[in-house]
Amino acid sequence: MRITVFGATGGVGREVVRQALDAGHEVTAVVRDPARLPGAGHERLRVATVADVTDADALGPVLRGRDAVVCALGARSNKQARLAPVAGPALGAIVSAMDRAGVRRLSAVSAAPLGPDHEDDGAFTRAVLMPLLRRALRDVYADLAVMEAVIGASGTQWTVVRPPKLLNGPRTGTYRRAVDANLPRGRSIPRADVADALLSTLTDPTTPGHALGIAT
């Protein structure tokens, strides 16, 4: 496939680029600083610098002729999400530019707290821990909620992937998945497995129009 990756220099985004290249795909990595992206110079990797990913007009050149988009954008902190939301405004521009370019398939990373609590997690987790987490990172999750709403209202064949706490480590390929639900006792997952999930949904006919809960 010919895939455009947004957020390519982040922890998940770098894994998406690496795994996509390993799988034989052609990748356009959209970045602000090319120096932060390992692997530049690969014959199937095009690095495109876009200063403002909320400018739909500027995104046309990185989307024309592509088969799919993977988005790994997100605020690095609650303060950043409050002062300058990232995911919501960017996805508004991305889906608009995708429509103009005729690109239909989209996979984007969100977060597990935007999904429903699982009844098997117990009353303390559902009544205390999760509300505290959602309050502590409320601006990050508000930005992601806007992103999900924008994606859901778009004409794309979208899938949203909702991981819990992100860890470093190798791809396992043995993580659990749940369509439109979170996983019981789903506490964490390696970034490499999140990248695997994002890429695998691009060819999975069961996931368009759904949020996918993932966890180890």
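1. D180 is partly exposed, with a relative accessible area of 40%; here buried means under 20%, exposed over 50%, and partly exposed in between (1.4 Å probe, protein chains only). D180 lies in the loop between β8 (176-179) and β9 (188-190), where strands are DSSP runs of E with at least two residues, helices are runs of H or I with at least four, and both are numbered from the N terminus. Its phi is positive, about 55 degrees, although D180 is not a glycine.

2. A word on what you are looking at: this is a predicted model, in which local features need pLDDT of at least 70 and side-chain atom pairs count only at pLDDT 80 or more, while totals for chains, interfaces and linings use all residues. Residues are numbered from 1 along each chain as its sequence is written, and side-chain values use heavy atoms, leaving out hydrogens and water.

3. Do look at R185 too, which is found in the loop between β8 and β9. R185 is not a glycine, yet its phi is positive at about 55 degrees. Most residues other than glycine have a negative phi.

4. Next comes helix α7, residues 191-201, which is mostly covered, with 9 of its 11 residues buried.

5. Finally, turn to R32, in the loop between β2 (26-31) and β3 (45-49). R32 counts as exposed because its relative accessibility is 64%.
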